[in-house]
Amino acid sequence: MILLLSISVLYAQEKKEILLLQKAIDSFLAQKYDKTRNYLIQVLQTNTEARNNKEYLKLQFYINFINNNYFNANQYFLILEESDFLDDFLVYFRILFLLNLKQYEETVQYLEKIKFSSVYSKEEFSLLPFLCNPEDKNNLDINLRKPDPQALWRESITQKEKEFINFLKQILIYRNTTQISIIEDCIQTSKNIKTMYHLYRLLLWIQPSKQNYFMFYHFLYENQNFLEALHVLRTIYSFEPFSYKDPDFLLIIFNFKKLYEKLNYQKNVDTLTILIKALMNKYDLTELKKIATQNYQCRELLVFLLYTTEESKKSLFTQKINEYDINYDMNEKISFFKKIYKYD
């Protein structure tokens, strides 16, 4: 009798938990997020094991994401992943999340996880990050911050989303150069700055040429993203040693000066102004190196010395560059951007 009573109580609790969880889902789909949170609290009060339920974890993941609490959203996603609760759409959503954070390298592992076990037939529920057309109605930033809850509560991706995943796979995994013309066409037709940013990054992933980096640099500069433009220019500068007689060297130094003006690095502006005048007056290498050795606070001149000095002194300037990077890391986010662009 006691056993039957215990089973009955446990069944009642489980039934209440399931009912509360369903109410939380219904509230979420109705965009009543405060009610959703209240029901989730009640679910835990009924049964703490509920936190291991896939629906509970999905709700917490979405609720935290919608409220821009990305740290908590990430934690719930990791629990879903560890519990083997991921479906195609959750993985797809994770890919969009990483794209939005500009973490392209990390998307690769998730691109490989999508199984395409089934395709969601209702196209109106697609959550595409961007379309390559002049209207650009689907925008990555808008779609991720104002998601349709009905569109989120599914397990499969749509046919269009499947095509987008294959598009990303061709670029990020297979480095398929046949995609270059598609990306270039998209850049030409897109009118959305954030979409164009992602397209440029994808283009550099598949074809990291000096010309493409220059195009991206001009795009960043024109859109006043001066700090990232600085690191893209440093990447171009590190491609290969420029001869001080090369017109491109003068062009790059001039652009560094413009960036430092925008970033209010007046010491570097003054230093590079001196170097530009010396280059225009056709100073010889000895005179240019003398100017550089008097101005160790400017990273570009340290790189110049590294490229032009004899082998026995290269370690000295490598050390000086490393010291610069440590001292300026907070202001210039050097470690962050070095990871993205891989310049030395």
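For the residue classes used here, Ala, Val, Leu, Ile, Met, Phe, Trp, Tyr, Cys and Pro count as nonpolar, Asp, Glu, Lys and Arg as charged, and the others, Gly among them, as polar. The model is a predicted one, so to speak of local features takes a pLDDT of at least 70 and side-chain atom pairs count only at pLDDT 80 or more, while totals for chains, interfaces and linings use all residues. Residues are numbered from 1 along each chain as its sequence is written, and side-chain values use heavy atoms, with hydrogens and water left out.

On that scheme, the lining of the largest pocket has nine nonpolar, one polar and seven charged residues. The volume of this pocket is about 440 Å³. A pocket here is an open set of points on a 1 Å grid over the protein atoms alone, where a 1.4 Å probe fits, with protein on both sides within 12 Å along at least five of seven lines; lining residues have an atom within 4 Å of a point. Grid points are joined across faces, edges and corners, and the volume is the space filled by probe spheres set on the points. Of the 17 lining residues, E105, R201, K339, I340 and K342 sit closest to the centre. Two or more residues each come from α6 (104-111), α11 (193-206) and α19 (334-341), with α19 giving the largest share, four residues. Helices are DSSP runs (H or I, at least four residues), numbered from the N terminus.

Now for the helix packing. Axes are lines fitted to C-alpha atoms over the stretch in contact, and angles run from 0 to 180 degrees between N-to-C directions. Helix α13 (residues 226-237) packs on α14 (residues 247-262) at about 160 degrees, the axes being 10 Å apart. That makes the two roughly antiparallel (angles over 145 degrees; under 35 is roughly parallel). The crossing is left-handed, that is, the near helix is turned anticlockwise from the far one by less than a right angle. In contact terms (heavy atoms within 4.5 Å), residues of α13 including F226, L230 and L233 meet a set in α14 that includes F249, I253 and F256. This contact divides into 12 nonpolar, one polar and two charged residues.

On to α15 (residues 266-280), which packs with α14 at about 160 degrees, axes 9 Å apart. This pair, too, comes out roughly antiparallel, and its crossing is left-handed. F249, I253, F256 and Y260 are among the α14 residues that meet α15, where the partners include V269, L272 and L279. By class there are 12 nonpolar, two polar and two charged residues.

Finally, α3 (residues 54-66) and α5 (residues 88-100) pack at about 20 degrees, with axes 13 Å apart. That makes α3 roughly parallel to α5. Their crossing is left-handed. K54, K58, F61, Y62 and F65 meet F89, L90, F93 and F97, giving seven nonpolar, no polar and two charged residues.

Methods: Parallel < 35°, antiparallel > 145°, perpendicular 65-115°, else oblique.
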